[in-house]
Amino acid sequence: MTPTDEVPAGAGTLAELVAQSAVVVCCGPGGVGKTTISAALAVQGAADGRRSIVVTVDPARRLSDALGMDSLPDTPHRVEGPWPGELWALMLDPKSTFDALVRKYAPHPGQAEAILANRFYRNIAGALSGTQEYMAMETLYELYAEGGYDLIVVDTPPTRNALDFVDAPRRLTRFLDNRIFRLLMLPTRVGIKAVNAAAQTFLRTVSKTVGGQVVSDAIAFFQAFEGMEDGFRDRAQGVLDLMTDPTTAFVVVASPRRDAASEAEYFADKLAEADIPVQGLVINRMQPRFGETWTPEADRERARSLAGTPLGALWANLADLHTLADAEEAEIAGLVRRVEPGPVVRVPLLGTDVHDIDGLAAVGRFVGGGG
């Protein structure tokens, strides 16, 4: 699928939304089961006969645990299962992705090796703020453009880091257009002797602060980087275009806890500020209701009428559970209103933890609307 293949408007259910999307980005607070939901969506894609892949940015082992695997590599790994399609998974390694980008855009192998050996590069490749998020987006773009997948599901870091994830391409573009970056590029373009007085003053000041070796490494890095910034800038724009393409859907995953719902609302607001709508919502681990017409008041009345019998205690317990379900529904009401008329799915608490394909399939039945 290419960015010109638009998703038909008006997906009524989450299953329809996922079936019509090429990329699904799952975002949300930490600890709400986002990785499980991401994996379940990818499994659902494979069950629908699609070639799907789930990508996690989270360095924890949650995805491999959910898939019942010992570990996940940083390259696509096929997961066998009882589905007509294909399921693949990978865990992002930002450093190896950054290295691959350098090799891709370097005009010749010698320039690439000079950058990869540079101390400034080795430091920023793994530690620069936003590097991990941008490399995740880069991996997503690579899978989309060249992977041949019908569905890519991305499991992002917890909410506020996920905002970095969304903004990463813009920040790389701003960095390449930044005056400091251009200043550091000046020695490569006009020769260090021709650098103007202001630039020399700047470099001397920085040298006094961080040390002359650091500045020398940085200048050597930018000298090696010469001629590659256009490739990175074009790629960042391509990633941005993919994020706002109609075939990409953002799905927020939350739980009925007050803090999780508030953080999810905050994230939905930030996405809206970036002109990216939240197109679906999954509330995970909801207290289930037993009978849509039963109410806590009716349950308690029944408990009082059967007081002193075994059934009376059971009805009292049921009233407590329905009171909890009502309270959870109240906690997520604002978040639900924020996403509607987009699809909203409530996944109930399950009897066991999800740690294998069968467990993912159970979650997938709720996500897919099959209960």
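Q: Taking contact to mean heavy atoms within 4.5 Å, what covers the buried residues of α14?
A: The cover includes α15 (310-339), where helices are DSSP runs (H or I, at least four residues) and strands likewise (E, at least two), both numbered from the N terminus. This is a predicted model, in which local features need pLDDT of at least 70 and side-chain atom pairs count only at pLDDT 80 or more, whereas totals for chains, interfaces and linings use all residues. Residues are numbered from 1 along each chain as its sequence is written, and side-chain values use heavy atoms, with hydrogens and water left out.

Q: And which residues of α14 are the buried ones?
A: In α14, which spans residues 296-305, they are P296, D299 and A303, with buried meaning under 20% relative accessible area, exposed over 50% and partly exposed in between (1.4 Å probe, protein chains only).

Q: Why are they on the same side of α14?
A: Because they cover an arc of only 60° around the axis, taken from the directions from the helix axis to the C-beta atoms. E297, R304 and S305, on the other side of α14, are exposed.

Q: How do α14 and α15 pack, then, by angle and axis distance?
A: The angle is about 165° and the axes lie 8 Å apart, with axes fitted to C-alpha atoms over the stretch in contact and angles running from 0 to 180 degrees between N-to-C directions. That makes α14 roughly antiparallel to α15, a label for angles over 145 degrees.

Q: Which residues make that contact?
A: From α14 the contact uses P296, D299, R300, R302 and A303, and α15 contributes G312, W315, A316, L318, A319, D320, H322, T323 and D326.

Q: Switching topic, which residues touch the most other members in the largest nonpolar core?
A: Of its 36 residues, those are L14, L41 and L67; such a core is a set of buried Ala, Val, Leu, Ile, Met, Phe, Trp, Tyr and Cys residues joined through side-chain atoms within 4.5 Å. Helix α2 (residues 34-47) gives the most to this core, namely 7 residues.

Q: What does L41 touch?
A: Leaving out residues up to four places away in sequence, L41 touches L14, V18, V24, C26, L151, V153 and V367.

Q: What about the phi of R285?
A: R285 has a positive phi of about 60° although it is not a glycine. R285 lies in strand β7 (residues 278-286) and, at 38% relative accessibility, counts as partly exposed.

Definitions and conventions:
Contact means heavy atoms within 4.5 Å. Angles under 35 degrees count as roughly parallel, over 145 as roughly antiparallel, 65 to 115 as roughly perpendicular and the rest as oblique.
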